[in-house]
Amino acid sequence: MSIIGQATITTTTASALRSGLVFSFTELAGLRDQIISRPECPACDLSDFRRAGPNVKRTILAAILAAIDCGTQWQPDATALLGWNGDGCAAENALFWQDYVTNGRTQGRGTLFVPTLCSIPLCEAAIALGIHGAAAYLHGPDLAEAIAARHAPFVMTITIADSQTTATVLETPHEA
Amino acid sequence: MTDVWIEHTALKTALGEGAETTFAALLAKQTSFTAPLHFDSKGRVLAICHDLDHRIAPGQSRAEALLASLRQQLPDRLPERLYLATTVGAIDLLEKDGNPIETSRALLDCAKRLFGARQAWLVAAACASGQVAITTAAAAIRAGQCADALVVGCDIASEFVTAGFASLGALAATTPRPYSQDRDGMTLGEAAAAVVLTARPKQPCGRITAWGETCDAAHITAPDRAGTWLGRACQTALAGRTPAAIIGHGTGTVYNDDAELAALTSLMPTLPPLFSLKANLGHTMGATGVIQAIIATAILQRRQLPPQAGLTIPDPRAAQAVSALPAAIRDGGILSINAGFGGINHALLVEKAS
C-alpha cells in the first residue's frame, strides 16, 4: 500500500502532502473558493456545501484537496471511503437532541438529524466528488486491516479529530 | 480463498427470541407494532420488545438489555474478535441527561464486556451497518487475520430516532407496506442479532459467499431512484448467479421501493421471490442486516420464503415476486440487500452450509 495523496485541514490552514499546496483561511467558504479555483481541481458538486456543518465542510474540502494531491492517479469510481477512529458524532447528536428538547419535543429538525450518523461526512464527500466505492465509518484497532477489508483499488481514509480533518488516499493491491 | 461460515446465531426482536421463533412468526405473517411505553411516540406504533420495559436499571441503556438477551442464546466460549453494527448505539443515555456522549462507542464498550471480546470494532454505515459489519468480519477471516468473529447488530427504539425520521417525513402513517402500491413510509423497530462467523465450522447453518458495496454519491438522504449503483452492488455479489430468493431492504418508502426494484429488474428480467421483513419487525436499522443474514439461513434450511406482511396491491414491478403466501424456493443462494443514508448500498449472498 502506498499513499498517493493526503490533505489536512486545521482551524486556520489547509495543506496537501505531495503537491505542497498550503492555504490559509478564516472561513471554510473562503477555503472552498481557494481550493476549487485551482486548475487541477477535479469536477465536484458543492451545491449543498452551505447547509453542511463544520465537520462535514472540512471533510468535503479535505477530500477534494486530497484528490487534487493524487494528480492523475485520482479515480473516484475505483475509490472506497473509510472513516477511521477520531471523533464520532457526540456533538452532532447533542445538537439535534438539545434543539428538539428546546422546541418542546414536538418536532425534530431534519437538517440536524442527518449528521447524527458517523458515516455522513464520508457520504457528503462522496457526493461532492462522485466517489462510488464502498463507504463506512469504522472504529477499531488496525487501520491496515480496515483498508484491506474495503476490497478497493484505492481507499480514501478520513479522520476527524480535535478540530483537524485528514484525508489520505492509498493505492492498495486490490484490482478493480 | 477461505470459506466463511455462519456457525451460531442469536436473535432478539419484537416477535421473540431466536431464529426458530422469529422465522415461525414470519411464516405466520405476524407483526409486532405497538405504542412504546418508554417514550411518547406521539401516536406512532413501533416494533417494541416490551419485555425490556421493566428490565432497564437506572443509568443502563436499553441497548445493553437487548445485548444481554443475545448473550444467553450464544455458546459460553465466543470468538475474541467482535464487530458491532449500530447507527446510534446507546442513544438513550444522551436522552436521559442531554450531555454529549459517544453513544455508539458506549455500546461498543458494553458489548466488548458482555461478550468477553479482546478486540472490538465499531461498524457504522447507516442502515447498511449490519451487512457491512458481516462482510468486514468475513474479509478479515478470508485474509487470515482471524479464524472466527462475532458480529452483532443492535439498535433500540428511541425518541431521538423517531423524532429524526418523523422530521424527514419518512414514517408510515400506520404500518409499513413494502412493495405495495399504497406504501407510505417505514415503521421503526428495535432488535439485536448476532452471528458467529468462522473458517473452521462444526455445525454451520450457512455460508457467506460474496458481496458488493457501492455508494450512490447522489443525495444524502434519498437513494438514487434509478438504482444504478445498488444494481452494481447486487451484480458484484451475484457474479452471474441467479438467487433463489431475495430479502430486500424493503423499508416501505416510495423511494426505497423505486431504487430497489429498478436495480433488481435491471439485473433480472424475471425476479425470484422477494420479501422484506420490515413489515413484520419494523426497520431495526443497524440490526437489520444481521437479522436478514440469519433469516436467509432459515429460508435456505426450510426452502421456504415467508409471505410478505402488509401487502395490499403489489407494485407492478414486484407483482410476480412478492406474495401474501409462503413461497417454495428453488436451489441457489439468498441475496440480501441493505441501503442507508448517504447512498450506501450493500448486497450480500448467503448460501447453504452444505
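Domain bounds, as used here, come from an automatic or database domain assignment, and on that basis chain B is divided into domain 1 (4-198) and domain 2 (206-351). The C-alpha centres of domain 1 of chain B and domain 2 of chain B lie 19 Å apart. This is a predicted model, in which local features need pLDDT of at least 70 and side-chain atom pairs count only at pLDDT 80 or more, while totals for chains, interfaces and linings use all residues. Residues are numbered from 1 along each chain as its sequence is written, chains are lettered from A and ligands numbered from 1 in the order in which they are written, and side-chain values use heavy atoms, with hydrogens and water left out.

Within chain B, 67 residues of domain 1 are in contact with 73 residues of domain 2, where contact means heavy atoms within 4.5 Å. The size of an interface is often given as the accessible area lost when the parts come together. Buried area here is the accessible area (1.4 Å probe) that two parts lose on being put together, summed over both, and between domain 1 of chain B and domain 2 of chain B this area is about 5200 Å², with carbon and sulfur atoms giving 67% of it.

Turning to the two chains, the contact between them takes 50 residues from chain A and 51 residues from chain B. The area buried between chain A and chain B is about 3900 Å², of which 65% comes from carbon and sulfur atoms. Of the area that chain A buries against chain B, Trp97(A), His132(A) and Glu145(A) supply 17%, more than any other three residues.
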